[in-house]
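Q: I have a structure to go through and I'm new to this. Can we take it step by step?

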Amino acid sequence: MNLKDKTVLITGGSRGIGKAIALRAAQDGANVVIAAKTVEDHPKLPGTIHSAAAEIEEAGGRALAVQTDIRDESQILHAVEQAVEKF
């Protein structure tokens, strides 16, 4: 599947596998929405939605960081609205 000019919403994208998927999608030309709870670095788990978005943009991709708790439907809807507005 070609991701060029598609928008993907990655949950848990601030670190680990989610961030790796986000970076790969950006390499393939996707606009990437990082939707996760982490907005501040944890002493043992570095990485936030903002640092992940910055990495994507530094690599030439387009990113949007939206603090989102996927257990809350209104926050998911907010993330989608933000993505539609930006991309």
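A: Start with a term: buried means under 20% relative accessible area, exposed means over 50%, and partly exposed is in between (1.4 Å probe, protein chains only). At 30%, Asp28 counts as partly exposed.

Q: Where does the model come from, and how are residues numbered?
A: This is a predicted model, where local features need pLDDT of at least 70 and side-chain atom pairs count only at pLDDT 80 or more, while totals for chains, interfaces and linings use all residues. Residues are numbered from 1 along each chain as its sequence is written, and side-chain values use heavy atoms, leaving out hydrogens and water.

Q: ok, how many residues does helix H1 have?
A: H1 covers residues 16-27, which is 12 residues. Helices (H or I, at least four residues) and strands (E, at least two) are DSSP runs, numbered from the N terminus. From first C-alpha to last, H1 reaches 17 Å, close to the 16 Å expected at 1.5 Å a residue; the expected span is 1.5 Å times one less than the number of residues.

Q: Which residues of H1 are buried?
A: Gly18, Ala22, Ala25 and Ala26. They sit on the same side of H1 because they cover an arc of only 100° around the axis, taken from the directions from the helix axis to the C-beta atoms. On the other side, Gly16, Ile17 and Gln27 are exposed.

Q: What do the buried ones pack against?
A: Strand S1 (7-11), strand S2 (31-36) and helix H2 (49-58). Contact here means heavy atoms within 4.5 Å.

Q: New topic. How many salt bridges are there?
A: The count is 3. A salt bridge is a side-chain nitrogen of Lys or Arg within 4 Å of a carboxyl oxygen of Asp or Glu.

Q: Which residue pairs with Lys19?
A: Glu55, at 2.8 Å from N to O. Glu55 lies in helix H2 and Lys19 in helix H1, so the pair ties together parts that are 36 residues apart in sequence. Glu55 is partly exposed, at 31% relative accessible area.

Q: And the others?
A: Arg24 meets Asp28 at 3.2 Å, N to O. Arg24 is partly exposed, with a relative accessible area of 49%. Asp69 pairs with Arg71, their closest N and O atoms being 2.8 Å apart.

Q: Asp69: buried or exposed?
A: Buried, with a relative accessible area of 18%.

Q: Last one, what comes just after H1?
A: Gly29, which takes a positive phi of about 95°.
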